[in-house]
Every structure is written in C-alpha cells, then in structure tokens.
Amino acid sequence: MNEKILLVEDEKTLAKALKFSLEKEGFLVSVAYDGEEALKAAKRDRPQLIILDLMLPKIDGFEVCRAIRRDSQVPIIMLTARDEDIDKILGLELGADDYMTKPFNTRELLSRIRAILRRTTGHSFSGNKVVRIGDIEIDLIKHRVNVRGGEVSLTSKEYALLSFLGSNPGRVFSRDLLLQEIWGYEYCGDARTVDVHIRHLREKIEEFPAEPYYILTVWGTGYKFREV
Ligand code: CA
C-alpha cells in the first residue's frame with residue numbers, strides 16, 4: 001500500500017526535489033505551497049504523514065500544526081531553519097513528531113519518515129496491557145497515562161518514550177539506543193532530542209521534576225526507569 005504524504009513547503013525548488021525523492025520511494029505526494037492550502041489539503045487528502053515547513057506564507061507552520069493537532073494525530077515532521085524552535089515544536093503545544101533543520105539530508109528525512117510510519121501503522125504490544133509503577137499507570141492499549149490519579153497529556157513521542165522506559169524498569173538505555181527505539185534513526189541522530197523529551201516528561205509525571213524519582217539519569221550513559 002502506498003502511503004500518502006502531504007508536503008508543505010513554499011520554496012518551489014525544494015518542494016519539487018523532495019516530491020521527486022518521496023515518489024521515487026513509492027509514496028503518494030501532494031504539495032501545498034502555503035499554510036491555507038496545507039489546512040485544506042490535510043482535510044481533503046487525509047495523509048498518513050505531513051512534512052511541514054515552519055516559515056510559510058499566509059499561515060505559518062506553527063499555526064498550521066496547531067490547527068491540525070486540534071482534530072488529528074497524524075504524524076508531523078517539521079522543517080525548520082533554526083535549532084532554537086525545537087522545544088516548542090516537540091512540546092505539547094505543537095506536538096510535532098520530529099523535526100529537521102535546514103539544510104538537511106534527504107536520505108535522513110526518508111529514514112525518519114519510514115521510522116514514524118513503521119510505528120504508527122504497524123505497532124502492537126503483546127503481554128501486559130497496563131503497566132503500573134508506583135503511582136504511574138500506563139495503559140498500552142488506550143495510550144493513556146495516569147499519574148497520581150489524574151490523566152496527563154503527552155505528545156506521541158513522550159508517550160512512546162515513557163511506555164518504552166516504563167515497560168523495562170531498571171534497565172539502562174543509552175541516548176543512541178533510545179533514538180533508535182523511539183525515533184528509529186538509522187543515521188546519526190541528535191541526542192538532544194532525547195534530553196528535551198525526557199525533560200518534558202519529567203515535568204509532566206514527576207512530583208519534583210528537578211529531583212526526578214521515576215526517570216533517572218545514569219551519568220555518562222543515558223536513562224533508566226525506577227524499579228519500584
Ligand atoms: Ca519556507
């Protein structure tokens with residue numbers, strides 16, 4: 001089955017080159033050149049994934065992402081010119097799944113697209129359906145997380161990270177391994193992506209995020225979930 005990708009990019013040359021590369025990989029690609037068109041196309045085409053440039057005419061990428069997230073969990077990869085937007089892009093406010101800083105390597109973009117699609121179109125858990133650790137409850141079927149009796153909102157990546165760590169309490173994972181497991185990077189990933197998500201997660205699930213009880217840093221190695 002050919003997955004549909006919506007590409008939102010106002011630089012015509014880049015859009016054309018990307019469309020060509022994506023189609024060569026077997027994807028069905030529609031292109032929108034501004035934010036308004038993007039919102040229409042997202043509704044009309046029901047893509048399995050959206051590649052969304054941040055700086056766009058009419059409605060910018062932030063607004064487009066926010067508007068799409070109001071009624072859809074479709075995976076979104078943001079294209080950005082600057083590194084400093086990462087927190088906002090990956091955070092709950094926007095909830096994009098991933099980002100690429102321009103200029104980027106097309107092969108790397110393709111590998112991230114495949115990783116996201118692998119996860120969103122064919123991921124199933126077996127065994128335990130609800131993981132309980134201390135006062136945290138992770139429902140692996142409904143993708144819901146309760147902390148101290150209240151439900152918390154997590155982005156899809158935060159959820160993936162929490163459910164992975166929480167399903168393997170006590171095991172230490174390096175940032176690289178987490179990048180591979182959660183983001184599926186086959187090429188060099190950015191370890192800061194993991195750190196940003198861990199920080200956001202701690203803010204949401206830890207009683208004292210600065211002194212985390214559940215998600216522990218293992219110096220020089222990575223992270224582990226507390227065994228309770
Ligand atoms: Ca642009």
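Let's start with strand β8 (residues 144-147), which runs antiparallel to β9 and is joined to it by three bridges. Helices and strands here are DSSP runs, numbered from the N terminus (H or I, at least four residues, for helices; E, at least two, for strands), and two strands pair if DSSP finds at least two bridges between them. Look across from Val 147 and you'll find Gly 150 of β9 opposite.

Before going on, keep in mind that this is a predicted model, where local features need pLDDT of at least 70, side-chain atom pairs count only at pLDDT 80 or more, and totals for chains, interfaces and linings use all residues. Residues are numbered from 1 along each chain as its sequence is written, and side-chain values use heavy atoms, with hydrogens and water left out.

Now zoom out to the whole sheet. It is open, with four strands in the order β6-β7-β8-β9 and antiparallel pairing. β6 (130-133) and β9 (150-152) are the edge strands, each pairing on one side only. From one strand to the next, the twist averages 25 degrees. Packed on the sheet is helix α6 (residues 156-167), which touches β6, β7 (136-139) and β8; contact means heavy atoms within 4.5 Å. The direction of α6 makes about 110 degrees with that of β7 (axes are lines fitted to C-alpha atoms, for helices over the stretch in contact, and angles run from 0 to 180 degrees between N-to-C directions).

Next, the metal. The calcium ion has Asp 10 (OD), Asp 53 (OD) and Met 55 (O) as its protein donors, 2.1 to 2.3 Å away. Donors are N, O and S atoms within 2.8 Å of the metal (3.2 Å for Na, K and Ca), and water is not among the atoms, so sites may look incomplete. Asp 10 sits in the loop between β1 (4-8) and α1 (12-24) while Asp 53 belongs to strand β3 (residues 49-53), so the pair ties together parts that are 43 residues apart in sequence.

Helices α2 (residues 35-45) and α3 (residues 61-69) pack at about 20 degrees, their axes 10 Å apart. That makes the two roughly parallel (under 35 degrees; over 145 is roughly antiparallel, 65 to 115 roughly perpendicular, and the rest oblique). Gly 35, Ala 38, Leu 39 and Ala 42 of α2 make the contact with Val 64, Ala 67 and Ile 68 of α3.

Helices α7 (residues 175-183) and α8 (residues 191-205) pack at about 80 degrees, with axes 9 Å apart, and are therefore roughly perpendicular to each other.
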